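Morning, everyone. Please have a look at the model on the screen, and then I'll walk you through it.

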Amino acid sequence: MLLDGEPRILVDAGPGSFARAGEAHVSLDALDVVLLTHLHVDHAGELPGFVKARAVSAGEPIHFDIYGPTGRAAHAGSPAFPSTSRFVALLFGAHGAFAYLKDFSAPVSFRVIDLPGSSTELRQPRLILSRQDVAVSAIGGHHGDAPAVIYRIDCRGRSIVFSGDIDAHGLPALEAIARGASLLVFHAAVLDPPGSPEVLYSLHTPPNAIGALAARTHIGAILLSHLSPAVDGNRAAVEASIASHYRGSVEFAADGMRLAP
């Protein structure tokens with residue numbers, strides 16, 4: 001997210017995002033806030049690349065505030081998930097995989113904030129960051145067994161909500177935080193039933209439900225991101241399904257795209 005034309009907030013860091021940022025000529029000089037929706041590899045695996053690039057380009061001490069979900073223990077066949085603070089320690093701590101990056105080119109420090117990662121733990125939007133005219137709020141989401149967080153960024157009367165990956169159980173939380181937002185960035189990974197494998201509906205939300213929620217919450221516009229091949233190959237059907245409820249603008253995300261909410 002750019003503030004006054006300057007990239008300041010990174011929302012998720014999946015593989016390839018660092019390269020795409022470079023291709024888009026996105027400067028990392030002022031990047032100091034990272035919002036992680038959940039700790040699946042396709043959302044967090046590129047974080048070390050961003051940290052290294054910022055350190056190399058800065059040549060002076062740098063700091064990151066990193067927000068993300070709490071962890072959970074393994075149970076009943078579900079894997080364990082580390083908390084965000086543990087994840088960052090496993091990467092950059094004294095015994096982490098990339099411990100050398102803490103002072104590789106410039107001293108790097110982190111403040112890591114673990115947020116309740118389910119809609120049962122964090123039931124109402126909570127202000128987590130306020131700087132000048134920027135306010136960031138969060139609420140627990142739901143993405144199968146992975147702890148997940150939904151974010152809203154407000155700035156000068158405009159707002160963007162990032163759903164992250166979200167299933168049906170997380171939609172009430174999304175509705176609570178997204179009401180009246182200028183732009184909803186929604187991850188579109190499945191078609192309406194039965195167009196995608198049944199198991200994916202326990203992890204993601206179909207287009208029809210996206211449209212219904214956007215209409216109820218009076219969203220200004222929708223940006224569909226995290227596009228699966230199925231969604232990408234059936235754009236007209238996806239857009240028509242959303243439009244059966246929602247009359248606002250719907251766009252499909254593309255690398256290098258810039259939107260002003």
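Some ground rules. This is a predicted model, where local features need pLDDT of at least 70, side-chain atom pairs count only at pLDDT 80 or more, and totals for chains, interfaces and linings use all residues. Residues are numbered from 1 along each chain as its sequence is written, and side-chain values use heavy atoms, with hydrogens and water left out.

Now some terms. Helices (H or I, at least four residues) and strands (E, at least two) are DSSP runs, numbered from the N terminus. Two strands pair if DSSP finds at least two bridges between them. Axes are lines fitted to C-alpha atoms, for helices over the stretch in contact, and angles run from 0 to 180 degrees between N-to-C directions. Contact means heavy atoms within 4.5 Å.

Start with the sheet of four strands. It is open, its order is β3-β4-β5-β6, and the pairing is parallel. The twist averages 15° from one strand to the next.

Look inside this sheet. β4 (residues 33–35) pairs with β5 (residues 62–69) in the parallel sense, over three bridges. Valine 33 has aspartate 65 in β5 as its bridge partner. Helix α4 (residues 84–92) packs on the sheet, touching β5 and β6, and its direction makes about 155° with that of β6. Helix α3 (residues 47–58) lies across β3, β4, β5 and β6, running at about 165° to β5.

Next, the sheet of seven strands. This one is open too, with mixed pairing and the order β7-β8-β9-β10-β11-β12-β13. Its neighbouring strands are turned by 20° against each other on average, direction ignored. β7 pairs with β8 (residues 134–140) in the antiparallel sense over five bridges. Serine 130 stands opposite alanine 135 in β8. Helix α8 (residues 235–243) lies across β12 (221–225) and β13, at about 155° to β13.

Last, the helix pair. At what angle do α6 (residues 207–217) and α8 pack? The angle is about 35°, with the axes 7 Å apart. On the α6 side, Pro207, Asn208, Ile210 and Gly211 meet Val238, Ser241 and Ile242 in α8.
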